[in-house]
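Please look through the sequence and the model below before reading on. The report that follows moves from single residues to the chain as a whole.

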Amino acid sequence: TPCGSLLRWAMADSPLRSTLLLVSLARVVAHGSTFVPRPRNAEPASRGSIPYGVRLYAADSGVAMATHNQHLCPEGGGYQTEVYPTGQCVPNPTTQPERPSYLFSLSPPAVAGRLVDCTPHDNCTAASLLLPGKTQIPPSDTRPPDAESRQSVEGVYDVEGVETVETGRNAWLTVFPPSSNCSRPPVTTYKLRRGACTQLPVTGDTYWTGGCRGWACQWFSQGCAAGCASCTGDAKVDHCPTATAPTLPDRFRTFGIGEATDWTRTHPWRSPGAAPVLDACGVAGGAPRDNSAPGGHPPPGHAWGARGSLLPPLASSAPASWRAGGVVEVGWGIAANHGGGYAYRLCPASAPLTEECFQANHLPFADAASTLRLGGGGEVRAPAADVSKGTVPAGGAWRRNPVPACRGGSCDAPQFPPPAGCDATCWGTSDNASIGRVLPVIVDRLKLPVSLRPGRYVLGFRWDCEATSQVWASCSDVTILSGGGVSAAQ
């Protein structure tokens with residue numbers, strides 16, 4: 001969505017719409033997906049939102065925000081904790097112009113825009129819009145926190161090593177238009193109880209990185225390993241008893257490098273392409289049952305385990321047009337970096353979208369390097385680490401994820417050396433705006449076979465993870481024309 005249309009949508013007379021603009025604050029484990037060409041599972045924001053838990057605290061250096069990858073806020077801190085200076089603008093990354101700018105404060109801002117009070121029920125999804133002379137009316141489908149949980153938010157906290165001291169009851173979060181650097185009038189201000197697990201609704205329209213727009217990165221397969229007949233669909237069960245030994249040469253590892261215990265040995269990237277999947281285009285939430293603990297959630301309007309291969313083509317955009325024998329540009333984005341590697345494949349749109357069909361049309365990379373488009377602007381060329389030994393299909397090239405994840409919880413070192421020109425802000429486990437980290441978009445060029453018949457196809461993206469037993473998938477519609485040359489996906 002262009003920035004202008006997004007802003008007009010967000011500022012429409014609806015508290016829910018303005019609440020949904022807060023998406024940039026939801027630091028959830030949503031992983032990754034293609035964004036060029038736009039996949040079928042990147043659906044419009046009008047489908048609805050998913051609430052996630054967040055806690056705000058007062059910290060010595062500002063406001064600490066602990067975010068979670070599920071509705072609840074388990075003990076032990078959030079998925080990620082960030083500290084922002086009070087009253088200082090947090091701008092959106094240049095690669096994500098649709099996301100808003102925002103700032104945190106421990107007292108009511110002088111200019112608030114629309115004020116949404118989330119405190120009565122610790123739920124911004126159901127909160128009423130507060131205007132002068134209006135009274136908050138508790139929604140009938142929510143219940144206020146009990147006295148014990150309300151008292152529990154007072155005191156001193158240690159959230160993932162961040163010293164937090166509570167001196168009041170509330171914190172305020174002000175959202176500004178995208179790409180405004182907080183210089184234009186605010187859209188919305190949210191009032192939250194400090195320390196309380198508050199539900200913030202997230203829409204897929206501006207979600208995380210480009211690869212996650214429209215909830216595209218909530219379609220994956222959980223519990224997958226080579227040698228198994230199927231994935232377990234259970235975050236607590238990584239693999240079946242018949243999982244086979246790794247086939248990946250060690251130099252392509254992305255996690256656990258040099259560690260005494262080989263804890264990733266059954267994870268998909270250790271045998272690229274060999275692990276089964278629940279669906280070649282992913283399933284909603286990653287499993288046929290509740291998979292929220294590792295960050296899986298079915299996108300609005302879909303049931304757990306709904307098959308991505310059955311999604312219709314996008315009605316909002318025309319398929320990319322490519323020429324047989326040509327070179328095409330594709331790209332994907334990461335929300336949570338699980339290392340591993342990826343591949344692109346084709347399947348005729350008239351055929352069932354299965355792994356067998358995609359494996360029969362495995363696409364080679366056209367270059368020996370990827371382009372990383374940085375969140376702060378600019379690009380970095382990353383030499384490719386392609387592997388075709390021990391892969392499925394046999395001899396098919398898979399590319400190692402060129403963005404190293406964090407080594408250890410403190411994220412003070414990468415799992416492997418990042419490409420030259422990629423500083424500490426373009427590698428890591430996930431975006432962290434408080435330190436300027438924005439994971440880059442990964443752009444590659446593919447070589448299309450001359451023998452491709454003209455017609456409608458589906459481009460399948462598959463990301464085999466090493467840090468987890470998960471496989472991410474996206475499927476995009478493309479039209480193949482006769483001839484050759486260079487094409488850029490639209």
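Does Thr 94 count as buried or exposed? Thr 94 counts as exposed, at 52% relative accessibility, where exposed means over 50% relative accessible area, buried under 20% and partly exposed in between, with a 1.4 Å probe and protein chains only. This is a predicted model, in which local features need pLDDT of at least 70 and side-chain atom pairs count only at pLDDT 80 or more, while totals for chains, interfaces and linings use all residues. Residues are numbered from 1 along each chain as its sequence is written, and side-chain values use heavy atoms, with hydrogens and water left out.

**A loop and a hairpin**

Thr 94 belongs to the loop between β4 (80-84) and β5 (100-105); strands here are DSSP runs of E with at least two residues, helices are runs of H or I with at least four, and both are numbered from the N terminus. Although Thr 94 and Leu 374 are separated by 280 residues in sequence, their C-alpha atoms are 8.2 Å apart in space. When residues up to four places away in sequence are not counted, Thr 94 touches Leu 374, Gly 375, Gly 376 and Gly 377, contact meaning heavy atoms within 4.5 Å.

Gly 377 is in the turn of a hairpin formed by β18 and β19, with 5 residues between the two strands, and has a positive phi of about 105°. Strand β18 (residues 369-373) runs antiparallel to β19 and is joined to it by 5 bridges, where pairing requires that DSSP finds at least two bridges between two strands. Within this pair, Thr 371 stands opposite Arg 381 of β19.

In a regular strand the side chains alternate between the two faces of the sheet.

**A buried glutamine**

Gln 415 is found in the loop between β21 (398-400) and β22 (441-447), and at a relative accessible area of 6% Gln 415 is buried. The side chain of Gln 415 reaches the backbone oxygen of Cys 406 at 3.0 Å. Leaving aside neighbours within four places in sequence, the residues in contact with Gln 415 include Thr 254, Phe 255, Gly 256 and Ile 257, and also Pro 404 and Arg 407.

**Backbone exceptions**

Most residues other than glycine have a negative phi, and most peptide bonds are trans.

| Residue | Phi | Relative accessibility |
|---|---|---|
| Ser 179 | near 55° | 48%, partly exposed |
| Trp 215 | near 65° | 3%, buried |

Ser 179 has its place in the loop between β10 (170-178) and β11 (188-193), while Trp 215 has its place in the loop between β12 (198-203) and β13 (219-222). The peptide bond from Val 392 to Pro 393 is cis, with omega near 0°, and Pro 393 is located in the loop between β20 (386-387) and β21.

**The chain as a whole**

The protein chain contains 4 helices and 25 strands, and of its 490 residues 58% count as buried. Among the contacts in the chain with a separation of 6 or more, 69% come from residues 24 or more positions apart. The chain exposes about 18800 Å², of which carbon and sulfur atoms supply 55%, the areas coming from the Shrake-Rupley method with a 1.4 Å probe and, for residues, with only the protein chains shown counting as cover.

Definitions and conventions. A polar contact is a pair of N or O atoms within 3.5 Å; within protein, one must be able to donate a hydrogen and the other to accept it, and residues adjacent in sequence count only if both atoms are side-chain atoms.
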